[in-house]
Structure formats: structure tokens, C-alpha cells
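The following note is meant for a colleague who is meeting this structure for the first time. Please read the points alongside the sequence and the model.

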Amino acid sequence: VKIALFGHFDSYLVERLAAHDVRVLAVPDRPAIERILADVEGLVMRSVFHLERDDATRARHLKWILRAGSGLENIPSTFAERGVEVTAVPLNARAVAELALAMAWALARRLPAGHDGVRIGRWRKDELVGFELRGKTLGILGFGRIGRELARLAHGLDLDVVVWDRSPTKPEKVQAASVASVQFGDFVQVLRTSDIVVAALPGGESTRHLLTPSALAELRPGAVFVNVGRGSLVSLDDLHALVVAGRLSGVGLDVYPTEPPPYHPLFDLEGVLCSPHLGAQTRETRLEIARFVVDWIAGFERRRDGDAHDRPAVAPALTARRS
Ligand code: 3PG
């Protein structure tokens, strides 16, 4: 089978696909994307790659896409419309939740400012007074896999957890809420009552700039805001204005409106901690995703070769449903 790998993957994946005709494209390059898409039957891709609507027409032989992660907003609906099986591999929740917590915790203790100071010989001990997580309120925007994992971790750290979600009555959300003593609230209420707000929402048009300037104005003075969802949720200019005005004590960003992002003055402000979309970048998650992909491809081949009842042994996967 001709398979394209768009992005960097765990070496297990490359080794286990050695029997296939594999084309690797490590970083986005439009002409190369178009050339490879015209040739392959399967595509495994990471979030930094963005397909265009017309790519579906170019991809004449393409039968499936595995989005080796959660977000599907970089795969236009034209692929599914042309019969391409589009599947997400949402196995990174723990890794992303840990990163969100790491960012929030580092900002609460003012570690980025302390680190910068020590590097240049400034001992700012007396200025850098932070806050403890114990007894504080964590607001989570989005109670999908990442939000639920984060709530579980936060509960163990004596944080009170409040959540805003668009579909809070789904059974898995109701159950997770009771295990982690989560309270659901409306959007503004969560922003107003939280010492730390973590955005763990998907991208796409429905969430674009959900955190408008007036929504951001509802954040508590001195709050910490962390975005591990998608960069399209909030404008960097709006966050910059809030930090400059001294309204927030910390901003943690793992995702950006475009990636990699061009320079923005927000990145230079004290209390701002930036990482290059590291959410899923743990050894454990990369390997788990690679194993899933290998098993899924083997299952696909068995199905193609006649056993219509065969399905990959590894769960869970999400088959794309697009509106
Ligand atoms: C996702 O959408 O799964 C995460 O944002 C991570 O994406 P990545 O694995 O492509 O870095």
C-alpha cells in the first residue's frame, strides 16, 4: 500500500510500515503535499498539515486518512464526501492535560519570570510571590477527553473545578463530573469564578474567537489563562492588551492562530509562557498513537481483503462526522 506520513512520528511507526511504500513529508510544503496526495492510498497526518478542499479531487487513490491526534478541522469535508474514511486518534488527552497543568502551575509560581531573571543574574525572590493551587478554582472550557483528564488531575490537587461545555449532559461527561466533583456552569460564570482558566476546546468556525474581548474582560483580575485547545479560540492582540493592562497574572499558550506563529509582542511579556504545540509530544503518547496507526492499517487491509467484520483491535477511534 502507498502511504503518506505527513509530520514527525515515533520511529516504531516508520519501522512497522517498512513493508509498505511510504512517502514521508516532515514539514508542510504545498507542492509536495499535492504531489504525494495524488499518489497514495492512505495518509497519516499531524495537526501542522492543512489540507484544502480541492486536495480531495487531487487525491484520486486516497481511501483513508488517519489524523494522528484529535482535531479534524484541518481536513475539509470534501474528503469524506468523496468516500475517504477519515478517522481521528484521540489518544493524547493525558499528555495535553498534563501540559495544561504544568503551564498553569508554572505560571502560578511565576517560574518563567524567575527563570529569565536567574539567567541574566537577577535574583527576584522578593518580587516573585505566586499562589498555591490548593483551594483555588480551575475553570475548564470544554469537557472532552482533555478537559475530563485535566479535571481528574486537578481534583487530586485540591482544586475546585468548574466547567463550561456545549453538551454537558453526555453520559461520559456526567460521569466524569461526578468522579472529579466538577460543577458545570455557564460560560461567563466559569470565567468570572476561576483563578485559572484552561481552554481545551476544538478549533473550527463554531469556536473561532469564542474568547472575545468582552468574554476575556470577565476573567478575574490576576487570573491565569492557558490555551491548549486551538489558537483560533482567542486573538493574541486581545490577550496582549489584557497582560499589558495588568489584568492577568499569567498566560500559557501551546497553540497559535497560525503555526508556527510569526513574532508577536505578547511572547515577550512577563508572565507569558509559550510552547510550540507540545501537547501530544510525550514518548508515551507518540508510541501509543503509532501502535494504534499500525493496528488500524492492518485492520483496514484485512477489511479490504474481504473480511467485512474485521475491525482494528485497538479502541477508541473517532470516525469523522462533519456538518
Ligand atoms: C491534536 O489535535 O491532537 C493535538 O493538538 C496535537 O496535535 P499534533 O499531534 O499534530 O501535534
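1. The ligand is surrounded by Arg46, Ser47, Arg67, Ala68, Gly69, Ser70, Gly71, Asn92, Arg230, His277 and Ala280, a residue being near when one of its heavy atoms lies within 4 Å. This shell comprises three charged, six polar and two nonpolar residues; Asp, Glu, Lys and Arg count as charged, Ala, Val, Leu, Ile, Met, Phe, Trp, Tyr, Cys and Pro as nonpolar, and the others, Gly among them, as polar.

2. The model is predicted: local features need pLDDT of at least 70, side-chain atom pairs count only at pLDDT 80 or more, and totals for chains, interfaces and linings use all residues. Residues are numbered from 1 along each chain as its sequence is written, and side-chain values use heavy atoms, with hydrogens and water left out.

3. Oxygen atoms of the ligand take part in several of the pairs listed here. A polar side-chain atom of His277 is 2.6 Å from a ligand oxygen, one of Arg67 is 2.7 Å from a ligand oxygen, and a side-chain N or O atom of Arg46 is 2.9 Å from a ligand oxygen. The protein buries 92% of the 310 Å² that the ligand exposes when taken alone (Shrake-Rupley method, 1.4 Å probe).

4. Confidence is expressed as pLDDT, the predictor's score for each residue from 0 to 100. The chain has a mean pLDDT of 95, and 95% of its residues reach 70 or more. Over residues 312-323, however, the pLDDT is below 50, and this stretch has 26 contacts in the model beyond near neighbours in sequence (heavy atoms within 4.5 Å).

How values were computed:
A polar contact is a pair of N or O atoms within 3.5 Å; within protein, one must be able to donate a hydrogen and the other to accept it, and residues adjacent in sequence count only if both atoms are side-chain atoms.
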